[in-house]
Amino acid sequence: MFARLTLTLCLLCACDTVRVHKSTVHVGEEGLDIPLSFASGDDSVTISATSRVACESLLWNDGTSFTNGTFLASPGARLQLRRVTPGESDVDLIAVYRRARPGRQLHLDVNVFVTGAADLSLEAAEHNPRLRKALATMWEIYGRAEIFPGQVRFLPLPLPDPNIELKDCDGDMPSARAGATALQRTRKAPPGLNVLLVQDIEAAKPVAGYSALPGGVVHDVPSPDGVVLTLAYFDTSADDPLGQTLAHEIGHYLGLFHNVEADGTSVDPLADTPKVPPFGMANLMYYASAGRQPKLTAMQIAAMRRHPLLY
Ligand SMILES: [Zn+2]
């Protein structure tokens with residue numbers, strides 16, 4: 001077991017609702033138990049782990065694999081981290097402890113970045129009926145979790161090519177870890193969930209959106225972060241797949257896995273999510289489109305409401 005803790009810092013209290021710890025740990029394939037230091041009043045911790053070995057896969061407590069990924073936990077949880085491959089490496093950890101919020105209603109600030117996709121100008125975006133409908137669909141879904149709009153800003157991010165390429169280390173699925181230079185350019189934005197409107201995501205499989213899981217922890221996390229939404233469905237108006245895709249990606253951003261993956265057997269760790277058709281398919285976090293009126297379970301709502309970006 002490699003348990004060397006090489007650096008510990010506690011700083012960067014951007015506001016009184018979060019506390020940030022930074023450290024570097026040395027991780028081997030045998031695994032490392034990492035203490036979580038909850039203080040009185042904390043109700044969750046979000047951890048970002050970045051291996052200094054590029055494209056290395058790390059495993060969390062339950063065997064869930066992330067490549068330099070993130071993890072959301074409640075008080076009492078333990079964190080164990082191990083390498084998939086033999087050997088050892090330094091891993092930079094950022095742990096954000098969130099204090100419990102009084103009351104039921106939470107708010108989320110959103111920065112919508114207009115890139116030139118769908119020939120949408122910044123001036124036109126805020127009043128564009130298609131975009132307004134997508135945002136309304138998304139907020140309607142989150143309203144059921146008592147998560148409401150905070151500040152919603154439209155910001156310019158002109159891209160030379162609004163088709164962006166996202167690849168993970170295997171080159172098959174989209175990932176913020178590679179090719180997402182556009183997302184890196186959102187990092188000077190005001191605090192909030194960054195939504196990047198692009199024309200298309202170029203990946204081996206067709207994808208309508210992408211999100212970090214969870215995302216938006218702190219702005220100096222050393223990886224690009226946010227939600228990418230394609231405007232491929234921009235012209236359709238029936239079931240609003242654009243709004244539902246946005247809601248699905250924000251679900252990832254706030255900490256949710258797919259209730260069922262495409263292989264039909266990989267499922268999320270929540271006890272109350274439907275895992276088989278037809279009910280599984282109606283969940284917002286089904287791997288493919290959930291159709292009309294996508295559902296969220298009580299445990300999905302509880303998990304999302306712990307995200308540090310909500311206030
Ligand atoms: Zn998804």
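Helices (H or I, at least four residues) and strands (E, at least two) are runs assigned by DSSP, and they are numbered from the N terminus. With that in hand, look at the loop between β10 and α1, where aspartate 119 sits. What you're looking at is a predicted model, so local features need pLDDT of at least 70 and side-chain atom pairs count only at pLDDT 80 or more, while totals for chains, interfaces and linings use all residues. Residue numbers start from 1 along each chain as its sequence is written.

Let's stay in that loop for a moment. Aspartate 119 has a positive phi of about 55 degrees although it is not a glycine. Alanine 118, found in the loop between β10 (106–114) and α1 (122–125), also has a positive phi, near 55 degrees, and it isn't glycine either. Is each of them buried or exposed? A residue is called buried if 20 or more other C-beta atoms lie within 10 Å of its own, exposed if 12 or fewer, and partly exposed in between, with C-beta atoms placed from the backbone. Alanine 118 has 20 other C-beta atoms within 10 Å, so it is buried. Aspartate 119 has 10 of them within 10 Å, so it is exposed.

Now step back to the whole protein. It has five helices and 16 strands, and buried residues make up 40% of its 311 residues.

Next, the strands. Two strands pair if DSSP finds at least two bridges between them. In general, strands of a sheet pair through backbone hydrogen bonds, either parallel or antiparallel. Take β9 (residues 88–99): 11 bridges join it to β2 (residues 18–28), and the two run antiparallel. Here valine 25 stands opposite valine 91 in β9. Strand β4 (residues 42–51) also pairs with β9 in the antiparallel sense, over nine bridges, and valine 45 stands opposite tyrosine 97 in β9.

Elsewhere, you'll find an open sheet of five strands in the order β11-β10-β13-β16-β15, with mixed pairing. β11 (147–156) and β15 (209–211) stand at the edges with a single partner strand each, so one side of each is left without a neighbour in the sheet. From one strand to the next, the twist averages 20 degrees. Inside this sheet, β13 (residues 193–198) and β16 (residues 227–230) run parallel and are joined by four bridges. The bridge partner of leucine 197 in β16 is leucine 229.

A helix comes in here too: α4 (residues 241–253) lies across β13, β15 and β16, running at about 15 degrees to β15. Axes are lines fitted to C-alpha atoms, for helices over the stretch in contact, and angles run from 0 to 180 degrees between N-to-C directions. Two residues are in contact if their C-beta atoms, placed from the backbone, lie within 7 Å.

Which helix does α4 cross? The axes of α2 (residues 129–143) and α4 come within 7 Å and cross at roughly 45 degrees. That makes α2 oblique to α4, because angles under 35 degrees count as roughly parallel, over 145 as roughly antiparallel, 65 to 115 as roughly perpendicular and the rest as oblique. Residues making the contact include Ala134, Leu135 and Ile141 of α2 and Leu242, Leu246 and Ile250 of α4.

Finally, visit leucine 284, in the loop between α4 and α5 (298–304). Leucine 284 is buried, with 23 other C-beta atoms within 10 Å.
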